[in-house]
Amino acid sequence: MPTEERNLSNSSAPPSVFARCSLLLRVLVPFGFILFFAGDLLRTYFSGDDFMNLYKYVESGWSTCRGLILFWSGNYYRPAGAFFYLSFYHWFGMHPTPFKILVLLLLLLNLAIALLLIRTLFHSTALAALAVVLIAYHAAEAQLYYSFGTIYDITCFTFMYAALGLFIFVREQGKLPDGRIVVVLALLQIAALDAKEMAVSLPLILLLYEGLASPDARKSDFDPHAWAAPVLMGFLVLIYVVGKGNSALEQNLLYRPQISAHRYLDSMSYYLDQIFYQRHVFSPKTTLLFLGAGPLIALIVRSRLMIFGWAWFLIAFLPLNFIPDRAGFVLYIPLVGFAVALVSLVQGLFLRLPGGIRVGKAAMLLRPDGVLVFLVIALLLFRLDKREKLMADPEEKRPLFLHQWFAADLMSEAPNPKPHARLLFLNDPFPDDSWSTLFVPSLLRHDMTLSAARGRQNFLILAAAVLPQYDEIYDYTEPHLTRISPSEVPGRLAARRISSGFVEPGQGVWTAPGAFVWTKRVFTLQAACAAGQQTCHLTDDIFLPREAYPTTPTHQVIFKVDDRAPQNASVSTNQDSNIVTTFLTGGATHTIAYEFDSVVPASEHPGDPRELGLVLRGAMITP
């Protein structure tokens, strides 16, 4: 395959003032895209993921940052992110602006890294500017700009592409990385792995560059010494993968891989729809055709860079392709390879035009490194991104506003909070699967001994015997959270029983303030549907602590409603939530008797003489 020219300019004359100014404009436009479209992140609050991540790191403390060195250890979750979360929380508390300024600065830095990296590949600043305007902003990546929780992706990009850019810079000069460069590459690889798992793809991208697009590859030459750095970095990835092993991240269903061709094509269909701002356009069949067309077209236009960019794009996606689909922010790292492939395609097509046409005045307007092509593409992207942003912004920003209002009301309702307080929220503005209600108070008050319970998630914690033990009780009526006095509680709960039904602890339930309720091996619950409902369901969320039942992960629960026939359900320590649903009829209070097949030995909980069976993390009435 002949090697394409990397720089389209055939002139040795110095560029004119107009040419220099137009080139500077093209370089600055992508940075303007970020400031124009993403600059409003400075006015947004924290996301639910931010509170969850920060709470986890604050609870673990600075020891989490040991993972920056022990990068292979499964005991540390993304320690680079931990460092930024803990540092900024220590310096600025729960003030979001400094966090958001860091995100904006890193986005600009990463765009500069991408510009230098692609310029080194093409030996052309103009072509690099065309590529980076394609990736500067993408409305599908909205969470990237509004949630500090994407600091993992952003810093992974920083370290990963700094390493790739450094390696390519050295190789494009016809040199081999010396010992100092190899050490820097290894450190950048470790830092990228500390940021996010997607960095495992970097050594393979380096190997593909060496085999497809490096100076040796263009000369059909081979120097085994050039492969030393990629192989070393691959060895670091191997240590990382083996060391992480069966980590807590892999135990999470959201990250558990399912290796199959069907899963791969479904995943790529989903992400291609997002890349092209579509909804269910790509199917497994069209995705397979699309992915196969890339290398074929690259062969037709004889572009090594296009094949490399296409392979880079696909390999960067591999850590995502076999886990449940993520939001669009994960496009951030793979899209750089896609942009390289697209610009290489346009460049290859132009270079394959007949010589007479390629140097004509009309063709000069179509040069991919020309200002006209750049401005047309930039304008089209600007209009598309502006339209998509206007549609996506309300949905993306509403959760941030909810957290901001919730935090402001909580602070105003308790200006002088009691240390180690126990809080109960009868209602809140967050989705059922959100943990923000439990994390926000501790982080705002800098009190990790504070406990919070969520009434809408577990009706059992509203038991009359437990209510006096709460220090603060809150209710939420849109749009405000209000603190209610003890005298108001009975009336609120009576109204709630009518509108939502109720669940009350019976015998064998160890009621106490908090979100988790232990039971004995045999226990009962009382439950009833909401007024006017003919039928409903009692939904139990059962949690089995792995440390309590380490040797037998699967257990059985037998339950019986009133005098009906007993039913059986399997529950496991391998799941955070074991959902057991019981059918109820309206108009009556039912007694549900449970029998668990095991009990935590007293030796496993010294100092606690209670008989412990399982944990009811939630018991709710659902339609």
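Tutor: Buried means under 20% relative accessible area, exposed means over 50%, and partly exposed lies in between, with a 1.4 Å probe and protein chains only. The model is predicted, so local features need pLDDT of at least 70 and side-chain atom pairs pLDDT 80 or more, while totals for chains, interfaces and linings use all residues. Residues are numbered from 1 along each chain as its sequence is written, and side-chain values use heavy atoms, leaving out hydrogens and water.

Student: Why is S47 called buried?

Tutor: The relative accessible area of S47 is 9%, under the 20% limit, so S47 is buried. S47 sits in the loop between α1 and α2 (48-60); helices (H or I, at least four residues) and strands (E, at least two) are DSSP runs, numbered from the N terminus. S47 touches S147, L400 and H403, leaving out residues up to four places away in sequence. Contact means heavy atoms within 4.5 Å.

Student: Is R78 buried or exposed?

Tutor: At 5% relative accessible area, under 20%, R78 is buried. R78 is in the loop between α2 and α3, and its phi is near 45 degrees, a positive value in a residue other than glycine.

Student: How does the span of α1 compare with the expected value?

Tutor: The expected span is 1.5 Å times one less than the number of residues. Helix α1 (residues 17-38) has 22 residues and reaches 32 Å from its first C-alpha to its last, close to the 32 Å expected. A kink of about 30 degrees lies at V29, shortly before the proline P30; the bend is the angle between axes fitted to the seven residues ending there and the seven starting there.

Student: What covers the buried residues of α1?

Tutor: The cover includes α4 (96-122), α5 (125-135), α6 (142-146) and α19 (371-413). Among the buried residues of α1 are V29, P30, F31 and F33.

Student: Why are α3 and α8 called roughly perpendicular?

Tutor: Roughly perpendicular means 65 to 115 degrees, roughly parallel under 35, roughly antiparallel over 145, and oblique the rest. The axes of α3 (residues 79-92) and α8 (residues 179-195) cross at roughly 70 degrees and come within 5 Å. The two helices are therefore roughly perpendicular. In this contact P79, A80 and G81 of α3 meet A191, D194 and A195 of α8.

Student: Which peptide bond is cis?

Tutor: The bond joining E478 and P479 is cis, with omega about 10 degrees. P479 is in the loop between β3 (472-477) and β4 (480-483).

Student: What percentage of the chain is buried?

Tutor: Buried residues make up 52% of the 623 residues. The chain has 21 helices and 14 strands.

Conventions:
Axes fitted to C-alpha atoms, helices over the stretch in contact; angles between N-to-C directions.
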